[in-house]
Amino acid sequence: MEQLLTLLKSTPTISSPIVVDLIKRATANPKIFGYAELYHELTSALHVGGGVELSPAATQWVEYLRMFTYGSWADYKAHISDSIDESLPTLAEPQVRKLKQLTLLKLCATSNAESIPYVELSRALELGSASDGGVDELEQLVIETIYSGKLTAKLDTKNQALEVFQVTAGSDVDEKRLDEIIAVLDQWDEHTRALLEQVEASIDVNRQVKAQREAELTEALKTSA
């Protein structure tokens, strides 16, 4: 990625062919899993000097890069199906595989369960069922993602589920959702503070009760003596 960023920053004039080439190379590279920096650098460069007019194909590739940065396989499929442009560029096999890996990482990172059923993953990645080889394809995709170092997980072939331990990469957070995420975190912070105050108040009450009982016991011992 560093090489592509250097190339982008050193290019005096951004053109459609350069944009397409950069995005194709980045999204097909099996070692690259983070695209936020490239996306922001590219979109910033395109807006310099009043903006660069891109070809329809280049504009679509910028949109694809946004999906690699923030979206998922479902976003790409929806975009393709909703478009009326028959000349819409399509992803090559290495790019399809990378977007599915990113989607897999996103699913693993956002799941609240310790294990995710194969059927849920296959549905999100459109890999089919066991009868048509979908399970084998899913397991191969998972293994490749594990070997990339971005996912620590275990295939539970008996129960047809993926046990997830750690995710170290995936889609970035879309800036449009930052306010929503911050609001959720603020709400969680307020709830945590209120809970902490309740715990501290309960501790104070327990201390007072304990002190009172100790005083009563001391007084009782003095009286009996």
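Okay, let's start with a definition: helices here are DSSP runs of H or I with at least four residues, strands are E runs of at least two, and both are numbered from the N terminus.

Now, the ground rules. This is a predicted model, where local features need a pLDDT of at least 70, side-chain atom pairs count only at pLDDT 80 or more, and totals for chains, interfaces and linings use all residues. Residues are numbered from 1 along each chain as its sequence is written, and side-chain values use heavy atoms, with hydrogens and water left out.

So where is the confidence highest, and where is it lowest? pLDDT, by the way, is the predictor's confidence in each residue, from 0 to 100. The protein averages 84, and 86% of the residues score at least 70. Helix α6, residues 93-110, comes out highest with a mean of 94, while helix α9, residues 178-224, is lowest at 72. Keep in mind that where pLDDT is low, the predicted coordinates should not be read in detail.

"Buried" means under 20% relative accessible area, "exposed" means over 50%, and "partly exposed" is in between, using a 1.4 Å probe and protein chains only.

Next, helix α3, residues 36-47.

In α4 itself, residues 56-70, take a look at Gln60. Gln60 is buried, at 17% relative accessible area. Leaving out residues up to four places away in sequence, Gln60 touches His79, Leu88 and Pro89.

On to salt bridges: a side-chain nitrogen of Lys or Arg within 4 Å of a carboxyl oxygen of Asp or Glu. How many does the structure hold? Six. One of them pairs Glu41 with Lys9, closest N and O atoms 4.0 Å apart. Glu41 is in α3 and Lys9 in α1, so the pair ties together parts 32 residues apart in sequence. Lys9 is exposed, at 53%, whereas Glu41 is partly exposed, at 29%.

Another one joins Glu144 and Arg97, at 2.8 Å between the closest N and O atoms. Here Glu144 belongs to helix α8 (residues 134-147) and Arg97 to α6, so this pair ties together parts 47 residues apart in sequence. Then there's Arg25 with Asp21, at 3.2 Å, N to O. Those two are four residues apart in α2, which means about one helical turn between them.

Last stop, the strands. β2 (residues 151-156) and β3 (residues 161-167) run antiparallel, joined by six bridges; two strands pair if DSSP finds at least two bridges between them. Lys154, for example, has Glu163 in β3 as its bridge partner. The two strands form a hairpin with four residues between them, and Gln160 in the turn has a positive phi of about 55°.

Key:
Contact means heavy atoms within 4.5 Å.
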